[in-house]
Amino acid sequence: MNDRHNSPKHGESDNQDALVRRIRFSIIWVIPIISVLIAGFLVWRSFMDNGPEISVIFDTADGLTSGQTQVKNKSVVLGTVQNISLTSDLRHVRVLIRMNKGTNDMLTDKARFWVVRPRINGASITGLETLMSGAYIAFDPGLDESGHNSGQHMDQFEGLEAPPGMRSDQPGQTYTLVANNIGSIGQGAPVFFRDVDVGEVLGYTMPPGGRGPVLIQIFVKEPYDHYLNGSTRFWNVSGVKVGFGAGGLKVQLQSLQALFSGGVAFGLPPLEEGKLQRDLPMAEANTVFKLYESEEDAQNAGYHERVPVATYLTSSVKGLAPGAVVSMFGIQVGNVTSVKLDMTSTPGHPRVRIGMEIQPERVMTSKELSHEEVTAMLRTLVANGLRASTDSASLLTGEGLISLNFVKNAGKGTTSMEGTTLVIPGQPGGMSGIMESLSTVTDRLAAMPFEQIGTNANNLLAHADETLTSPDVKQSLASLRVSMQHFQALTQDLQKGLAPLSQRLPAMAEQLDQMLHNANRLLASYGGNSDFKRSLQAMVIQLGQTARSLRFLSDFLTNHPSALISGR
């Protein structure tokens, strides 16, 4: 009985054990299912977070690593490099990049990619942060001023080998400079305004065939681009400029950066009377400007009134070259435009033709004098002694200049016209003028008959000695001594009274006549010595005048004795 009653219970227990075993088997499989679901979710999440896949072509993959190198914009990760391979022509590298979600609208034809790695050039040192973190690919979406990208969607790009000078999110304008040569100006060179770095050089374009001017692209940041207008002038500030001026040695250095990489600068043009800077229209983007060699050349380009003048010299013009200064009273009034040797105008007498440009705006406003008035003024100055001559601007460098000076006793100066060029007279100046003056003095001294003068002087001394020792001279001197004694007696008589004076006047006249006679004999006895003869003649004339005066006085007192008391 007990076995019968226990049998069903034993079967029921077996069923329960089987059910438990089935339940335990299902719970074990839940874990991998959940894992699969999680993995699927992660895959789906990753797929949903990933953006488009693009490829960028670079010249080299230096510093790039698959799965590690990131794409960044302003230090924000926007993608990761997935694969790096060579192109079919084996000349470039194709970099496959998986961009993040939300970057699809940025991938247009205006987007730019470049590799940021340590770079050292003349302009700057960049990418030093990659020494620890490694290289990365920088991305510029190329947004417009409104912050939108209106370009066409792309998935293949050409990477830049150097960082661009201008970012799309940096306000400013680009311009073009035209120059005959760029000197040491390179990409990344700074642009200066009043010694402030306001932009940089983006690059340059060589002319087709290598002939013609070079085009230099620059970028000027805002708000400095508002200072540019159609009259703005740019000049080269590369390297160090050393010169000698009135103040001595001058060394000009814009900056250490410009010393190594070159640079350009611009300044505000002079304003016309009654105008303000804000009244000038702002230069539009991509405006073309000329790049001058120096600030002085840029300033000279602002003088619009130019009067062509020329002069001819027959002395050395060493050190004088086109661009030299033309000065008046030490103040610059123009520049030399040409220095040429003229062999044909006067055969057998070569000369140098110097062309100049007088710029009256340097010393007066353009409204004060017109071209015709300046020409007429120069003609008047030449008539008053104005002459053109060479001078030395620096004894150390040997640089020359043309000086317009007024010459004393210059003689009559004439001007002429060669087309529209006024020709003014010139004369040697500087060391050449000094040497020519010394040469003239030397020639005149050499032409003087010093030997003949010495012979005549010896003859004169010998003849004068013979004349002075002759008997006639001795007798004449004795007579003159007696005459002087009579004059002394006359003085004594004057002291005693006027009555004896009237009595002795006839005797005095006779004595003077005798003195005059002796002097004439002395004069007749001397012949060759012209100076001595002229002195005796002068003495004889004076004695004759004295004798006549005494005779007139004697006759007057004889006829009018009361005149001694009452006067004439």
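Colleague: Where does Pro281 sit?

Modeller: This is a predicted model, where local features need pLDDT of at least 70, side-chain atom pairs count only at pLDDT 80 or more, and totals for chains, interfaces and linings use all residues. Residues are numbered from 1 along each chain as its sequence is written, and side-chain values use heavy atoms, leaving out hydrogens and water. Strands here are DSSP runs of E with at least two residues, numbered from the N terminus. Pro281's place is the loop between β17 (264-267) and β18 (288-292).

Colleague: Is Pro281 buried or exposed?

Modeller: Buried means under 20% relative accessible area and exposed over 50%, with partly exposed in between (1.4 Å probe, protein chains only). Pro281 comes out at 60%, so call it exposed.

Colleague: Which residues is Pro281 in contact with, leaving aside neighbours within four places in sequence?

Modeller: Contact means heavy atoms within 4.5 Å. Pro281 and Leu228 are 53 residues apart in sequence, yet their C-alpha atoms are 8.5 Å apart in space. The contacts are Leu228, Asn229 and Gly230.

Colleague: And Asn229, buried or exposed?

Modeller: Asn229 lies in the loop between β13 and β14 (233-236). Its side chain reaches the backbone nitrogen of Ser231 at 2.9 Å. Relative accessibility is 4%, so Asn229 is buried.

Colleague: What is the bridge partner of Thr176 in β13?

Modeller: Strands pair if DSSP finds at least two bridges between them. β10 (residues 172-179) and β13 (residues 214-221) pair in the antiparallel sense over 8 bridges. For Thr176, the partner is Gln217.

Technical notes. Helices (H or I, at least four residues) and strands (E, at least two) are DSSP runs, numbered from the N terminus. A polar contact is a pair of N or O atoms within 3.5 Å; within protein, one must be able to donate a hydrogen and the other to accept it, and residues adjacent in sequence count only if both atoms are side-chain atoms.
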